[in-house]
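Dear colleague,

Please find below the structure I promised to pass on to you. My notes on what was found in it follow directly after.

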Amino acid sequence: MKLSKEEKERYSRQLPVLKEKGQEKVNDLKVLVSGVGGIGGTAAEYLVRLGIGEIRLLDPDTVELSNLNRQILYNKDDIGRNKVDVAFEKLKKVNPNVDIEPIPEKLRRDNLHEIFGDMDAFVDGLDNMQARYLANKECVKKDIPYFHAACEGFESRLTTIIPNETPCLNCIYGGKIEIKEKEYEPTVGVVPGKIGIIEVEQLIKYFLDLKGLFKDKLVIFDEKNIKPRIIDLRKKKNCEVCGSID
Ligand SMILES: [Zn+2]
């Protein structure tokens with residue numbers, strides 16, 4: 001749909017980069033963000049400011065005091081409320097043009113199909129591998145790009161999974177690369193937000209066919225030493241999920 005006068009002004013700083021056609025494409029995107037915390041909450045805010053058409057926010061948790069060092073959507077008055085409800089209220093004020101659907105649930109085998117629905121993209125703000133593997137399966141099945149990020153301490157990691165093209169999450173972590181699984185990941189406040197923003201950059205590049213999409217590789221940023229470590233990814237032979245043969 002053509003941009004309105006309000007949209008032309010709202011997006012005037014990015015239109016020279018994205019062009020009107022690009023912005024119109026962005027306006028039609030439907031994005032599922034699962035986990036609306038340090039990574040996903042920051043990604044959600046930038047997706048809404050960017051002007052995507054629809055965002056589905058999924059998180060079963062309520063706001064806690066210990067979230068406030070890194071989860072920028074929330075403040076002290078929100079403690080005890082559902083994160084997705086607070087996020088909905090805040091983000092609607094940022095950009096009422098975006099359809100925002102808050103779902104206070106976690107990804108489960110029995111709700112996966114409905115929650116993914118007709119979404120165009122999946123943004124990973126999750127904090128556990130079980131849910132990530134569920135999302136990965138559904139993305140491969142429905143041919144939806146999966147924007148993966150995670151962090152711990154001063155370290156964050158990122159890749160973009162394009163079904164039927166790049167290795168899937170099971171190819172990556174079902175093989176030699178490890179990701180630690182704990183009750184929660186201790187991290188320094190600034191680290192998750194930064195990687196959440198890069199997920200959104202990847203999403204823009206993917207959907208607007210811009211150069212520089214980071215795929216087939218996993219980057220692990222060591223923020224202490226400003227050192228990115230880049231690992232070339234390969235499809236897992238006979239992967240149980242994407243079924244590709246090396
Ligand atoms: Zn795979």
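This is a predicted model: local features need pLDDT of at least 70, side-chain atom pairs count only at pLDDT 80 or more; totals for chains, interfaces and linings use all residues.

**What was found**

In β6, Glu155 is the bridge partner of Glu152. Strand β5, residues 146-152, and strand β6, residues 155-161, pair in the antiparallel sense, and seven bridges join them. On the side of β4, by contrast, β5 pairs in the parallel sense over two bridges, and there Val123 has Phe147 of β5 as its bridge partner. Of the seven residues of β5, six are buried, so this strand is largely enclosed by the rest of the structure.

Taken as a whole, the sheet is open and has eight strands, which follow one another in the order β3-β2-β1-β4-β5-β6-β7-β8 with mixed pairing. The edges are held by β3 (99-103) and β8 (227-232), and because each of these has a single partner strand, one side of each is left without a neighbour in the sheet. From one strand to the next the twist averages 15 degrees.

Helix α4, residues 83-94, lies across β2 (54-58) and β3, and runs at about 165 degrees to β3. Helix α6, residues 129-142, lies across β4 (121-124), β5 and β6, and its direction is at about 165 degrees to that of β5.

In soluble globular proteins, nonpolar side chains tend to be buried together. The largest nonpolar core in this model has 32 residues, and those touching the most other members are Val31, Leu47, Ile52, Ile55, Leu57, Leu91 and Leu203. Two or more residues of this core come from each of α2 (15-27), β1 (30-34), α3 (40-50), β2, α4, β4 and α8 (190-207).

Leu47 is found in helix α3 and, with a relative accessibility of 0%, counts as buried. Leaving out residues up to four places away in sequence, Leu47 touches Val31, Val33, Ile52, Ile55, Val123, Val200 and Leu203. Leu203, with its neighbours within four places in sequence set aside, is in contact with Leu29, Val31, Leu47, Ala121, Val123 and Phe147. As a guide to scale, Leu47 and Tyr173 lie 126 residues apart in sequence, and their C-alpha atoms are 27 Å apart in space.

**How α3 packs**

Two packed helices are described by the angle between their axes and the distance between the axes. For α3 and α8, the axes come within 8 Å and cross at roughly 40 degrees, and the two helices are therefore oblique to each other; the crossing is right-handed. On the α3 side the contact is made by Thr42, Ala43, Tyr46, Leu47 and Leu50, and on the α8 side by Gly193, Gly196, Ile197, Glu199, Val200, Leu203 and Ile204.

Not counting residues up to four places away in sequence, Thr42 touches Gly37, Ile72, Gly193 and Ile197.

The helix α3 also packs with α4, at an angle of about 30 degrees and with the axes 9 Å apart, which makes α3 roughly parallel to α4. Here too the crossing is right-handed. The residues in contact are Ala44, Glu45, Val48 and Arg49 of α3, together with Lys90, Leu91 and Val94 of α4.

**Two backbone points to inspect**

Most residues other than glycine have a negative phi, and most peptide bonds are trans. Which residues have a positive phi although they are not glycine? Lys19 has a positive phi of about 70 degrees, and its place is in helix α2. Ile226 has a positive phi of about 45 degrees and is located in the loop between β7 (217-222) and β8. With a relative accessible area of 70%, Ile226 is exposed.

With kind regards

Conventions: Residues are numbered from 1 along each chain as its sequence is written. Side-chain values use heavy atoms; hydrogens and water are left out. Two strands pair if DSSP finds at least two bridges between them. Helices (H or I, at least four residues) and strands (E, at least two) are DSSP runs, numbered from the N terminus. Axes are lines fitted to C-alpha atoms, for helices over the stretch in contact, and angles run from 0 to 180 degrees between N-to-C directions. Contact means heavy atoms within 4.5 Å. A nonpolar core is a set of buried Ala, Val, Leu, Ile, Met, Phe, Trp, Tyr and Cys residues joined through side-chain atoms within 4.5 Å. Buried means under 20% relative accessible area, exposed over 50%, partly exposed in between (1.4 Å probe, protein chains only). Angles under 35 degrees count as roughly parallel, over 145 as roughly antiparallel, 65 to 115 as roughly perpendicular and the rest as oblique. A crossing is left-handed if the near helix is turned anticlockwise from the far one by less than a right angle, and right-handed if clockwise.
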